[in-house]
Amino acid sequence: MQWLTPFVGLLAAAVAVPLLLLLYFLKLKRREAVVSSTLLWKRAVQDLQVNAPFQRLRRNLLLLLQLLALTAMLVALAGPVLSLDRGPGQRYVVLIDRSASMNATDVTPSRLAEAKKQAKVFVESLRSSSAMALADRADHAMVIAFDRHARVMCNFTSDKRQLMVAIDAIEAGDGTSQLSEAVTVARAFAQSPGPDSGPRSDEGLARMVLFSDGRIDDLGAIAVASDELVYHRIGESADNIAITAMKARRSYEQPQQVEVFVSLANYGTQSAARDVQLGIDGDVRAVRSVTIPPRQEGDETQEWTPGKVAVSFSLTHEGQGVVEVRQLEPDALACDDAAWSVLDPPPKLSVLLVTEGNPVLESSLRACPIARLDPCAPAAFDAMEPSAFSLSPYDVIVLDRHAPLHLPRSCYLAFGAVPAGIDVNSPGELENQVIVDWRSRHPVLQYANLTNLFVAQTRALQLPRDAEVLAEFGESPAIALVRRHGSTFLLVGFDVLASNWPFEPSFVLFCYNALSYLAAQQGGGGPHELAVAEPIVIDDVAAGGEVAVTLPDASTVQVAPDPGGTARFPGTYRVGLYAVDVPEEPRRFYAVNLADENESRIEPGDEMTFETMTVSAQPQGVQRANVPLWPALVLTALVLACVEWLIYNKKARI
Amino acid sequence: MARLDSLDVLSRKILQGKMQGERRSKKRGQSVEFADHRPYVAGDDLRFVDWSVYGRLDQLFLKLFLAEQDLTVHLLTDVSMSMSVGDPSKAQFVKRLSAALGYVSLVNNNRVTISLFADGVRVRLANMRGRAYLPQMAEMLLTADCGGFSDFEKACRDVESRRIGSGITVVLSDFLFKQGYEAALRRLIGARYDLYVIQVLSPQEIEPKLVGDLKLLDIEDADVAEITVSSALLKYYRRNLAAYCAELNEFCTRRGAVYVRANSTDSVESLVLNYLRRVRLLA
């Protein structure tokens, strides 16, 4: 038996009991009534007192009952707890999984809520420090919530209320689940006892109590001792339809054309017919019905694999836009039912032409749909500071017979010279070459016919292994694609003026294709699509300006940039669309998608295979080790009060 | 007055022709009603010698006649404070009853004395006879107020010392006397007087409708009784009341008095016309 709040009970008793006695012994205020004679009444009272048995006792019975009821209530107030556990105090680390799969609603209201509930029951059943006890036998616990990262909600304490508040404060996230950080943090904390652990030494290992659905990525990398971790499995069902991948990109050829690729997975055992809806900026553009096959059961060596189907949409859309793909039927896990992609407007390039004078190339480039073309002398280019490129970046730098000294990160189209430092050698020069083969399917050479290309003089190219050869002379590659240091180099080994290419229609086509391709290489739309918990980073925010981030739940967060003008918003914990308003700039969108097959696979795992051992789920939920006695006491008080009332009424009945 | 009048009418209807006042006395005396003969002894009044018997028997006999005495009716009416309690009030009831009885007695040429008593006799109207006294009696009864505590014995002593002749005494009271009624009633019971005891109780006394924790105040002596009304208490109260009345009844019956118990809700008319005739107070 323990007392949770003994002093409250004592205090209340000190006030209430004397008050009741005082009330009871106060003289009853009687109503006055005039009668003709008290003669008979006095006799009746005498008779009553003489004849009624236990008269005095009955008078006191009411007081006794009242006192008993009051005592029951006061004891209930003191919070007695019948403790079924014995032994010295333990230390526990409560680990609560808050990854995306814990949002599944196969247990009502959700797995996370259920995990929190069970964790609370667990905390409730911890033994608390007792003012009455001689030895401190209290259990200490700490609370850690984890998805990819661990978050300490509460350090070691025996204060159950603090633990409860910490558990309540855990919010759902859409991240992936990785346990290793949480385990590391837990062990680190367990070695340094909490601030209120008092004089106790950190004897014994803190036991970890894990509330999870068992879908954790990195179990194989964690070693646990036996009995170190107890796993409480949350969740029941595996049925889930997820959008596991989604990509929207503009066609290389036609920038208005948007291709959307969607991959859907079915984790259930029944094939599922679903409608997939495609929308841009909130307007529904297409709905397609797909049937997703059921999962394929594996054997002993292999786990089952989900049934998958791919859907592609094609549509035209100019300008910026947000593509949303949604699986229309709600299921257990909502966060993988939709995916977003942000479309950039078709790029308008700014091109830097480094040449000593090449009217053919310049006019060909000017014929392409580019924003601007800046000619520049090679000497001037070499003189430019690399920092100048970060301020006004050129999407594509065209190098005409010039190998620059330094190569800022960009996309290059190089004619007749090989930039140094990209692992491309030029062992010598060749003469009178014709193209023997070219990759007409490659976007750069699309529609370009190089049959009649004759080159008087060219450099022989010796390419690294990962280079992509687009066109070949008999003895050397003619056009090649090399990626180095984050830059893309499209190398043309010969000088245009030393060939008949300017007279070929394929030259203009090549220029156009090359610029579009290189632009697409750079744009890519990559930074607009983030994984969960990946920060939104916005560079070049004007000083003093604040960035407003509108979250998927329509709340807005103001982010102040650091002195360097970079604003970071790390709070992308939920999937959805984040809108970012930078002062004096158009609104930007960032799509945060789950796109994680492991999280969408919500089937709760019965066991967790760690590096060292396998931990099975507890066969049943958390059991109460402590029985709070107050409800029974309150009930007793109620019954006593009723009995007292009945007796009083019986006595007063006429 | 209207009620008394209606009572008057009602009483007259029933009592017409009943010769109430001139009733036979047990004493032989001068009257027209023959009682007996007895032999003549020297000194007897010759006027009562029955000469026709002397003619037949040649002996002197005296004719004996019943003396016709007038009846003295003593109404002893309680007007102590305790009588003012009750709804309808007991005082009203006993005054009406006294009025009715007084009326009947006066109309029938009886000598009527009405004494209103509380702590001793407060008002007395003595030796009324004949209808002429009706207004006086009515005025006395109407103007009398309740007041004072009851001292029944003192009143009885007073009445006993003043009454002469023979007759009937009617006591109208609630008989809730703290000092007891036995000694007082014993004074009134004598050879020459018939005693009628009419106990009037209010319905509140018979069936109290009290609830809760009460402090009962005695209206006469401000005595206090603290009670908590309960079913048991009320049971004992009723039992006590019944015992008290039974005791009074037995006391009266044993001494040849007649006990009548009345509720102040009863109608005076029916009481007078039915019940009192049945107990032969009225005929």
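Helices (H or I, at least four residues) and strands (E, at least two) are taken here as DSSP runs, numbered from the N terminus, and the expected span of a helix is 1.5 Å times one less than its number of residues. This is a predicted model, in which local features need pLDDT of at least 70 and side-chain atom pairs count only at pLDDT 80 or more, while totals for chains, interfaces and linings use all residues. Residues are numbered from 1 along each chain as its sequence is written, and chains are lettered from A and ligands numbered from 1 in the order in which they are written.

| Helix | Residues | Length | Span, first to last C-alpha | Expected span |
|---|---|---|---|---|
| α6(A) | 180-191 | twelve residues | 17 Å | 16 Å |
| α8(B) | 231-254 | 24 residues | 34 Å | 34 Å |

**The nonpolar cores**

A residue is called buried if 20 or more other C-beta atoms, placed from the backbone, lie within 10 Å of its own, exposed if 12 or fewer do, and partly exposed in between. A nonpolar core is a set of buried Ala, Val, Leu, Ile, Met, Phe, Trp, Tyr and Cys residues joined through C-beta atoms within 7 Å. The largest such core has 87 residues, and those with the most contacts inside it are Val93(A), Val94(A), Leu95(A), Val143(A) and Val325(A). Strand β5 of chain A, residues 140-146, supplies the largest share of this core, with six residues. A second, separate core has 69 residues, including Trp41(A), Met83(B), Leu141(B) and Leu185(B).

Two residues are in contact if their C-beta atoms, placed from the backbone, lie within 7 Å. By this criterion, and leaving aside residues up to four places away in sequence, Val93(A) touches Met142(A), Ile144(A), Ala186(A), Ala190(A), Ala206(A), Met208(A) and Val209(A).

In α6(A), the residues Ala182(A), Val183(A), Ala186(A) and Ala190(A) are buried. Seen down the helix axis, the buried residues of α6(A) fall within an arc of 95 degrees, so they line one face of the helix; the arc is that of the directions from the axis to the C-beta atoms. The buried residues of α6(A) pack against β4 (91-97), β5, β6 and β7 (207-212) of chain A, whereas the face turned away from the buried side carries the exposed residues Thr184(A), Ala188(A) and Gln191(A).

Strands are said to pair if DSSP finds at least two bridges between them. β5(A) runs antiparallel to β6(A), residues 150-157, and five bridges join them. These two strands form a hairpin with three residues between them, and Ala141(A) stands opposite Thr157(A) in β6(A).

**An open sheet in chain A**

An open sheet of three strands has the order β9-β10-β13 in chain A, with antiparallel pairing. Its edge strands, each pairing on one side only, are β9 (241-250) and β13 (307-316) of chain A. Nine bridges join β9(A) to β10(A), residues 257-266, and the bridge partner of Arg249(A) in β10(A) is Glu259(A).

The buried residues of α8(B) are Leu233(B), Tyr236(B), Tyr237(B), Leu241(B) and Cys252(B). What covers them includes α2 (39-51) of chain A, together with β8 (193-201), α7 (203-206), β10 (224-228) and β11 (258-263) of chain B. Just after α8(B), Gly256(B) takes a positive phi of about 75 degrees.

The contact takes 32 residues from chain B and 24 residues from chain A. On the side of chain B that touches chain A, the elements that give two or more residues are β9 (213-218), β10 and α8 of chain B, and α8(B) gives the most, with nine residues.
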